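Here are some exercises to work through with the model open beside you. Try each task before reading its solution.

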Amino acid sequence: MIDKLRYSGFYGTPLDTALKARGVDTLVLCGLTTECCVDCTARDAFHLDYHVFIAADACAAYESNLHEGALASLELNCAILTSTDEIVAAWNTGD
């Protein structure tokens, strides 16, 4: 577990170091809120050269238009949108 004090899971935390020490290069993100914490973490991960996937159906915002807008922007710029079903299927087949 890594505690964070800002919106991004990377800002001021040892997350990047911990992931790279384990050879992780791909992240699947989910959580609250899509337009804030998920967005900030996804962009930081992209800038740190991670492959970023977002489980769109496992994220939420207080307003649906903010959620949809954030997902559209993230997909356009720095992440691949997917669903929890697609993630589970990929993990179960080893893809």
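Two exercises with stepwise solutions follow. This is a predicted model, in which local features need pLDDT of at least 70 and side-chain atom pairs count only at pLDDT 80 or more, while totals for chains, interfaces and linings use all residues. Residues are numbered from 1 along each chain as its sequence is written, and side-chain values use heavy atoms, with hydrogens and water left out.

**Exercise 1.** Work out how the axes of α2 and α3 are arranged, and which residues make the contact.

*Step 1.* Two packed helices are described by the angle between their axes and the distance between the axes.

*Step 2.* The axes of α2 and α3 (residues 64-77) come within 10 Å and cross at roughly 10 degrees. α2 is therefore roughly parallel to α3 (angles under 35 degrees count as roughly parallel).

*Step 3.* On the α2 side, the contact (heavy atoms within 4.5 Å) is made by Thr34, Glu35, Asp39, Ala42, Arg43 and Phe46. α3 contributes Leu66, His67, Ala70, Leu71, Ser73, Leu74 and Asn77.

**Exercise 2.** Decide whether Ala55 is buried or exposed, and find what surrounds this residue.

*Step 1.* Locate Ala55 in strand β2, residues 51-60.

*Step 2.* Ala55 counts as buried because its relative accessibility is 3% (buried means under 20% relative accessible area, exposed over 50%, with a 1.4 Å probe and protein chains only).

*Step 3.* Leaving out residues up to four places away in sequence, Ala55 touches Val28, Leu29, Cys30, Thr82, Thr84 and Ile87.

*Step 4.* Take Leu29 from that list: Leu29 and Ala55 are 26 residues apart along the chain, with 6.1 Å between their C-alpha atoms.

Methods. Axes are lines fitted to C-alpha atoms, for helices over the stretch in contact, and angles run from 0 to 180 degrees between N-to-C directions. Helices (H or I, at least four residues) and strands (E, at least two) are DSSP runs, numbered from the N terminus. Angles under 35 degrees count as roughly parallel, over 145 as roughly antiparallel, 65 to 115 as roughly perpendicular and the rest as oblique.
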